[in-house]
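I opened the model to look up a few residues and helices. My notes follow in the order I worked.

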Amino acid sequence: MDSNVTESVGDSLHQQFDHWYTFLVEDLSDKRTAQLPFLHSPLWPISVLSVYFLLVFYWIPNFMRDRKPYDLRKLMVAYNVFQVVVCYCLIRQLVRHGWTFRYLYTCELTDYSESKEAIGFLHAAYLNYCVKTAELIETVLFALRKKRSQISFLHVYHHVFTYLLAWIFAKYVGGSMLTYTIIVNSLVHMCMYSYYLLAIVPAYVPFSLHKLKRYITALQIIQLVSILVNILFALRSSCAIPRTHIMLYMPYMVVLISMFINFYLKTYSGITKALNVCYTDGGIQKKVN
């Protein structure tokens, strides 16, 4: 009898789990995303991040322990060019399907129809998710180059949560005024990765890149604050933007802004002059005299 009771309880828990999984993963999701690769199951982002952490904090450090850092200059050039191009494509995709600056402050809801404009926004959200997946490669490159100082808490926190939020946004939202984040982030990343690209080949640049570091960091902070403003506009009681996504997104932005401001003050206020660089998704890097 005890065995039967145990099996009954087990079956009941299994049914409850299936019910909640179906509700959260399928019923609540945007049905138009059903055929998009790597988006249906939460097992995908969990697996990607598991491999990411193992690579960055275990496999690569052990592999590189007795090896010299790899010179990945050519790969880094290609990666930075890719980022600039794909960020431009993201902006173009949204603008050509109806995005305007009013998405910063106007309550624009997601269009879940099959119209050309609605599908265009959905594809932009999915492309943004793919880009955030590719950005995880940056940390792997740092590990292969033995740039441990660049794998900071800020760097890892930023990339991991951006990736997770991009997956959630593509799967459940796929549009709305929150696409402002994609636009402004892509604009800033075009500037940032262009800077990265020039920094790899400074001998071919006819001006000093040193003074740009401070302004790149300031631009990132302005971007983050403007995204927080966009989220606050979406929080209005008259606006039916999904609250769950906002409640996940807003704390992340508040913490990220505080981290960036803290870094900026330490780096450029003279408190720690040895850290004379900006945080550009690369962690803290000491100045070379």
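Is lysine 132 buried or exposed? I looked it up: lysine 132 is buried, at 6% relative accessibility. My cut-offs for burial are under 20% relative accessible area for buried, over 50% for exposed, and partly exposed in between, with a 1.4 Å probe and protein chains only.

**Ground rules.** Residues are numbered from 1 along each chain as its sequence is written, and side-chain values use heavy atoms, with hydrogens and water left out.

**Confidence.** I checked pLDDT, the predictor's confidence in each residue from 0 to 100. The protein averages 86. At least 70 is reached by 87% of the residues. Residues 271-289 stay under 50. For that stretch the model has 60 contacts beyond four places in sequence; contact means heavy atoms within 4.5 Å. Where pLDDT is low, the predicted coordinates should not be read in detail.

**Salt bridges.** I used this rule: a side-chain nitrogen of Lys or Arg within 4 Å of a carboxyl oxygen of Asp or Glu. The count comes to three.

- Lysine 132 pairs with glutamate 135, with the closest N and O atoms 3.3 Å apart. The two are three residues apart in helix α4, so about one helical turn separates them. Glutamate 135 is buried at 2%.
- Arginine 32 pairs with aspartate 30 at 2.7 Å between the closest N and O atoms. I find arginine 32 buried at 14% and aspartate 30 buried at 4%.
- Glutamate 108 pairs with arginine 102, and their closest N and O atoms are 2.8 Å apart. Glutamate 108 is buried at 18%, whereas arginine 102 is partly exposed at 31%.

**Helix α3.** I take helices as DSSP runs (H or I, at least four residues; strands are E, at least two), numbered from the N terminus. I then listed its buried residues; among them are Met76, Tyr79, Asn80, Gln83, Leu90 and Leu94. The buried residues of α3 pack against α4 (116-135), α5 (137-144) and α7 (180-200).

**Asparagine 128.** This residue is in helix α4. I find asparagine 128 buried at 9% relative accessible area. Not counting residues up to four places away in sequence, asparagine 128 touches Leu90, Ala166 and Ile182.

**Positive phi.** Most residues other than glycine have a negative phi. I noted two residues with a positive one.

- Phenylalanine 38 has a phi of about 65 degrees. Phenylalanine 38 is in the loop between α1 (2-27) and α2 (43-64), and is partly exposed at 48%.
- Serine 176 has a phi of about 80 degrees. Serine 176 is in the loop between α6 (153-173) and α7. Serine 176 is buried, with a relative accessible area of 2%.

**Threonine 181.** I placed threonine 181 in helix α7. Threonine 181 is buried at 13%. Leaving aside neighbours within four places in sequence, threonine 181 is in contact with Ile227 and Tyr249.

**Isoleucine 257.** This one is in helix α9 (residues 243-268) and is buried at 9%. Which residues does isoleucine 257 contact, leaving aside neighbours within four places in sequence? I find Leu224, Val225 and Leu228. Isoleucine 257 and glutamine 220 are 37 residues apart in sequence, yet 9.1 Å apart in space, C-alpha to C-alpha.

**Valine 225 and its patch.** Valine 225 is in helix α8 (residues 212-234). Valine 225 is partly exposed, at 38%. I also find valine 225 in a nonpolar surface patch of about 420 Å², together with Phe101, Tyr105, Val229 and Phe233. Patch residues have over 30% relative accessible area and no salt bridge; like charges are joined within 9 Å, and nonpolar side chains (Val, Leu, Ile, Met, Phe, Trp, Tyr) within 5 Å. Areas come from the Shrake-Rupley method with a 1.4 Å probe, and for residues only the protein chains shown count as cover.
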